[in-house]
Amino acid sequence: MLHFAETCEAIAATTKKMEKKAIVAGYLWSLAADEAAAATIFLSGRPFPAYEEQTLQVGGAILWQVIGDLSGKSEVELTEIYRRHGDAGSVAAETLQHRPKSGPVADLRLTEVREAFSEIAAARGPAAKTALLRALLEGVTPLEAKYIVKIVTGDLRIGLKESLVEEAIASAFEAPLEQVKRANMLIGDVGETLRLASAGKLAEARLRLFHPIDFMLASPIESSEEALSYFQNAAVEDKYDGIRAQAHVSQGEVRIFSRTRDEITESFPELPSALAGLPQDAILDGEIVAWSVTAAGSSGRALPFSTLQQRLGRKKVSATLMRKIPVAYLVFDVLYADGELLLDRPFHERAKILDQLLAAPLAVPISMNRSAVASQFQKQHSLSFEDSDENFLANISRENVLRAPVATAKSASELETLFTAARDRGNEGLVIKDLDSPYTPGRRGKAWLKMKRELATLDVVVTAVEYGHGKRIGVLSDYTFAVWDGERLVNIGKAYSGLTDAEIAEMTQWFLAHKTGERGLRLAVEPKIVLEVAFNNMMRSTRHESGYALRFPRIVRLRPDKRAEDADTIETVKEIFERQHHT
Ligand code: AMP
């Protein structure tokens, strides 16, 4: 563990990507297979491989208690130190420095740390977890404690993303980077990927269902002419304003994942029963929206995100809420079906496979009747239904999974017509897709284009907040936000919140709990919150670090569905700026 921690310090000490990669590659190469596998997982900032369901469930309370216990520092002192570092690992390193040693300090192997993490994950209740974490931290040096705590909090902060770890694996074992990335995507375990790479067996990696594959993303465009400048044969779908969801279905088991890779199956009890009836195992990609069933009952329309929002963030969904705000899963892609990985097939082939998959009635499994399925769900989700609710759940299940309609367009005017029709249906705009493109997970390329009403919007990360004026004097309502420049966040603007009072109040609490510095009325905060901002145009400016400023920026909404690393980059900013000056 000490060697690992020292390596992390060396990685943090350089800002150069190539140097970071070389340090990681050299380090991994020097280790035995088991240690190297554990190291890659930890270097990705995780205690466990991505596909594994275990979570430590060690929150701030447990962490502070253990650090407080071992260091003898009070909560006030720890908070003060945390404010200086903004990172729990560094707090551990600083405060545990002078504590009396308990026995000889043995060098801990990474596989032992992994086992300790598994024990912590398996332990029930905060007391048991606290004792185990304490035991782990008690026997290590402050530098080791620093990195153990960083892994526990899921953030190493040494400027190393998983993609760089993949590059390091490729370079250490002389394997093609594309193969390393693909294997890691399929199996969701960077440690196992390293083993395969070291054995020259990357090609043997097989998809592991029930761990999410990264989503393919769309680039913003501003006009229909621009859309057709990238490709001519366009598939056109409405852009639904809901949450992106990837459904994994195998042998009647269903799990649904959000863009942040969190499992959200429980939030939508209506969907699994419908998806379980698919004729084949599959991974589907689509959007979950609040759905209004029309009087005819045969079709419906998507409702705005604000309606769906009322159903989000709840552990258990009541039957009443399901009835009040029905949802539909509009499926627009298929990544895997009937044992075949479909990512490399062109869009038009995937579309056909999806048509067939969803054309068959999504019958509930033949051996069960609908009310049996409904009661199975009641048990699984510990829901209690009245008789009528049971019928309700059973009856709506079929209509909850729908094939998102696809049109094609070859000219700008056809796109305009489709755009207007989509807006008339209450949708955000269009997503225009290259009929010949493969599915490229995690990439925002030009094969999928999104056309919305605003000139352009940017997804930005909040870096600092200030108290407002007038009636907003007591709340943090002025946000400074940034985009990515490589591994760094550079500020690009500031906006007075366009959020609701309730949202501002909630965000104020969050920011106060996650501040990393304070000067006057301004707080620096952990860069975790993503916002979508709209603006009228963009200017060059020396006022912000990014070198750009936005004119009339306004917050469109919070994007809890996005992680900080999903926010836009300076390259996108440059593109928008340049486009604006060419038209
Ligand atoms: P944005 O959230 O503005 O970055 O736009 C991209 C998002 O649009 C995707 O992540 C999806 O959640 C959503 N979306 C809505 N409809 C579609 C569609 N037909 N195809 C792809 N993405 C869609």
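The legends below describe close-up views of a predicted model.

Residues are numbered from 1 along each chain as its sequence is written, and side-chain values use heavy atoms, with hydrogens and water left out. In this predicted model, local features need pLDDT of at least 70 and side-chain atom pairs count only at pLDDT 80 or more, while totals for chains, interfaces and linings use all residues.

View 1. The shell around the ligand holds 15 residues, and the closest are E237, E287, K433, K450 and K452. By type, the shell divides into 4 nonpolar, no polar and 11 charged residues. Here Ala, Val, Leu, Ile, Met, Phe, Trp, Tyr, Cys and Pro count as nonpolar, Asp, Glu, Lys and Arg as charged, and the others, Gly among them, as polar.

View 2. The side chain of E237 has an N or O atom 2.8 Å from a nitrogen atom of the ligand. In K239, a side-chain N or O atom is 3.2 Å from an oxygen atom of the ligand. The side chain of K433 places an N or O atom 2.8 Å from a nitrogen atom of the ligand. On its own the ligand has 490 Å² of accessible area, and the protein covers 96% of that. Accessible areas come from the Shrake-Rupley method with a 1.4 Å probe.

View 3. The ligand sits in the largest cavity. A cavity is a set of points, on a 1 Å grid over the protein atoms alone, where a 1.4 Å probe fits but cannot get out; a molecule sits in a cavity if more than half of its atoms lie within 2 Å of its grid points. The elements that give two or more residues to the shell are β2 (234-239), β11 (429-434) and β12 (444-452). Strands (E, at least two residues) and helices (H or I, at least four) are DSSP runs, numbered from the N terminus.

View 4. W448 is in strand β12 and is buried, at 3% relative accessibility. Buried means under 20% relative accessible area, exposed over 50%, and partly exposed in between (1.4 Å probe, protein chains only). From C-alpha to C-alpha, L458 and V533 are 5.4 Å apart, although 75 residues apart in sequence.

View 5. The C-alpha atoms of L156 and L43 are separated by 7.5 Å, and the two residues are 113 apart along the chain. R157 lies in the loop between α9 (142-153) and α10 (162-172) and is partly exposed, at 38%. Its phi is near 55°, a positive value in a residue other than glycine. Most residues other than glycine have a negative phi.

**View 6. D338, in the loop between β7 (327-337) and β8 (340-341).** D338 is exposed, at 57% relative accessibility. Its phi is positive, about 50°, although D338 is not a glycine.

Methods:
Near = heavy atom within 4 Å. Polar contact = N/O pair within 3.5 Å; in protein donor to acceptor, adjacent residues only side chain to side chain. 1 Å grid on protein atoms, 1.4 Å probe; cavity = no way out; pocket = protein on both sides within 12 Å on 5 of 7 lines; lining within 4 Å.
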